[in-house]
Amino acid sequence: MTRRLTSGCIALLGLLLATPALAVYNPLNLLQNYQPEVVVSDPYVEMHTGPGRGYPIFYVAGQGDAITLLKQRTDWFKIRLARGAHRTKEGWVHIDQMRHTLDLDGNPIEFVDYGIDSFSGRRWEMGITGGDFEGAAAITTYVGYAVNPYITLQIEASQILGDFSDGSMFGANILMYPFPNWRVSPYFTIGTGIVEIEPQTTIVQAEDRRDEIAHAGVGANIYLSDRFILRFEYKRHTVLTSRDDNEEIDQWKTGFSIFF
Amino acid sequence: MENRLQHIFLSICLLVVVLVGFTPTTQAATDPSALELEPLVVREPERRKIDIDRLDTEDWEVGVFAGLMNVEDFGTDTLTGVRIAYHVTEDFFVEAQYGMTDLGQTSFERLSGGAQLLTDDQREMSYYNLSVGYNVFPGESFIASRWAFKGGLYVIAGIGSTDFAGDERFTLNVGLGYRLIATDWLAFHFNVRDHIFDSDLLGREETLHNIEFSGGLTIFF
């Protein structure tokens, strides 16, 4: 254990020392080289040392300066500004200041702005929820694709963690949004899937079960801000067992998603 | 009178000059055979419309970590794992984490002399979690007077599952981390995380707090 730790520390130290050499070369970005040039049209834009408002402003690019866009992280753009023949300055500029830059022909540039409109017109979303599955805890992750603002197709995977048994559940659903433009947007959902339940090892041995399920539910998406959506949902599952009776299971869950 | 004659004479001169000066060109223009056509070059206007979507975005962060994990009643052992994070805004990020450690012996096992609570398989512990992080103090940290590192503290909390003693347990996690951004694409992380779950392994149902200390590195892409 000590040897593993020591070698880990040495590797970490080596990487720390090698960082200046690695600074110019990101192996994951070999294929990305789209670096357009834009012109500052505001009196100035502020260049920060890092992609965040907590990082200090160390330079400004003035009106009429041509700047090269290098990359984007969240709402921040890394830019390069030529100073003289050989000197350049690189820094991060916030999207709100970038909105007033022009392309080389003098046309405004379109920057995305996430708001309630992009929430209603979203295409992809992914999220996680946690909640109660007939007394057990359930964690669900899902990915949804909006065919149009009213209909979303969704696949989901859940892990069920009970006191006496564990399980997993996979499903495909359709979500219908009657009022996609509302900030609190209710929906109906129906779907189908499979559920697998296995008893916990500390309890007496019982058989693993794998059944088909069908479900129907209601829920609501609440647009928070940026790309965050809060979600509440109630679902009623019908487990199509091999026995005579079908089993009914209630599921309550809450979580959030982000959209793209 | 003299002035008037001068005026007429000058006007005629001017007219002649103008006619002589312009007639050949007008004749040449009307005579197609005299036309010298310049080679016609159709220049497509260069497409310079800027597409911000094509810009390299580096909102994902992927990496590995290693450290120590203390499991209540089972002592401390090494921990290794992987994490992936997506930065939604400059303040918030979502993260998925997977870690593995081994369970040591409980004090009961050591004192009883030979009694084993768990099999070797059950001593392999792993967890995954899905969490939301919030960058609380982003900014620069100074080492000596000339070196400034970008970085910041973050708080993180989430839900997940722990494979503990052969059973899956619903697990909450809360923690605190420091991200040191070495370059634009490489960051070092230092983490303290509490993994909280219920277990009845030692006789009665109790809430276990399991503390993880880890360090790691991530790459933005």
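**Strands, cores and chain contacts**

Student: How many bridges join β4(A) to strand β5 (residues 76–83) of chain A?
Tutor: This is a predicted model, in which local features need pLDDT of at least 70 and side-chain atom pairs count only at pLDDT 80 or more, while totals for chains, interfaces and linings use all residues. Residues are numbered from 1 along each chain as its sequence is written, chains are lettered from A, and ligands are numbered from 1, both in the order in which they are written. Strands pair if DSSP finds at least two bridges between them. β4(A) and β5(A) pair in the antiparallel sense, and their bridges number 6.

Student: Which residue in the hairpin of β4(A) and β5(A) takes a positive phi?
Tutor: The hairpin has 2 residues between its strands. The phi in question is near 45°, and the residue is A:Thr74.

Student: Which residue of β4(A) is the bridge partner of A:Glu37?
Tutor: Strand β1 (residues 37–40) of chain A runs antiparallel to strand β4 (residues 66–73) of chain A, joined by 3 bridges. Strands are DSSP runs of E, at least two residues long, and helices are runs of H or I, at least four, all numbered from the N terminus. The partner of A:Glu37 is A:Thr68.

Student: Is A:Gln72 buried or exposed?
Tutor: A:Gln72 sits in strand β4 of chain A. Count C-beta atoms, placed from the backbone, within 10 Å of a residue's own: 20 or more others means buried, 12 or fewer exposed, in between partly exposed. A:Gln72 has 21 others within 10 Å, so the residue is buried.

Student: Which residues of chain B is A:Gln72 in contact with?
Tutor: Contact means C-beta atoms, placed from the backbone, within 7 Å. A:Gln72 stands opposite A:Phe77 in β5(A). Leaving aside neighbours within four places in sequence, A:Gln72 is in contact with A:Phe77, and in chain B with B:Leu55 and B:Thr57.

Student: Which element gives the most to the side of chain A that touches chain B?
Tutor: 52 residues of chain A are in contact with 42 residues of chain B. Elements giving two or more residues to the chain A side include β4, β5 and α1 (2–22). The top contribution is 7 residues, from α1(A).

Student: How many residues on that side of chain A are nonpolar?
Tutor: Ala, Val, Leu, Ile, Met, Phe, Trp, Tyr, Cys and Pro count as nonpolar, Asp, Glu, Lys and Arg as charged, and the others, Gly among them, as polar. The side has 17 polar and 11 charged residues, and its nonpolar residues number 24.

Student: How many residues are in the largest nonpolar core?
Tutor: A nonpolar core joins buried Ala, Val, Leu, Ile, Met, Phe, Trp, Tyr and Cys residues through C-beta atoms within 7 Å. Those touching the most other members include A:Val195 and B:Val71. Apart from this core lies another, of 15 residues, with A:Trp92 among them. The count for the largest core is 28.

Student: How far apart are the C-alpha centres of the two domains of chain A?
Tutor: The bounds come from an automatic or database domain assignment. It gives domain 1 (22–110) and domain 2 (118–259). The separation of their centres is 42 Å.

Student: Over which residues of chain A does pLDDT stay under 50?
Tutor: pLDDT is the predictor's confidence in each residue, from 0 to 100. Chain A has a mean of 83, and 84% of its residues reach 70 or more. Where pLDDT is low, the predicted coordinates should not be read in detail. In chain A, the stretch under 50 covers residues 19–25.

Conventions. Two residues are in contact if their C-beta atoms, placed from the backbone, lie within 7 Å.
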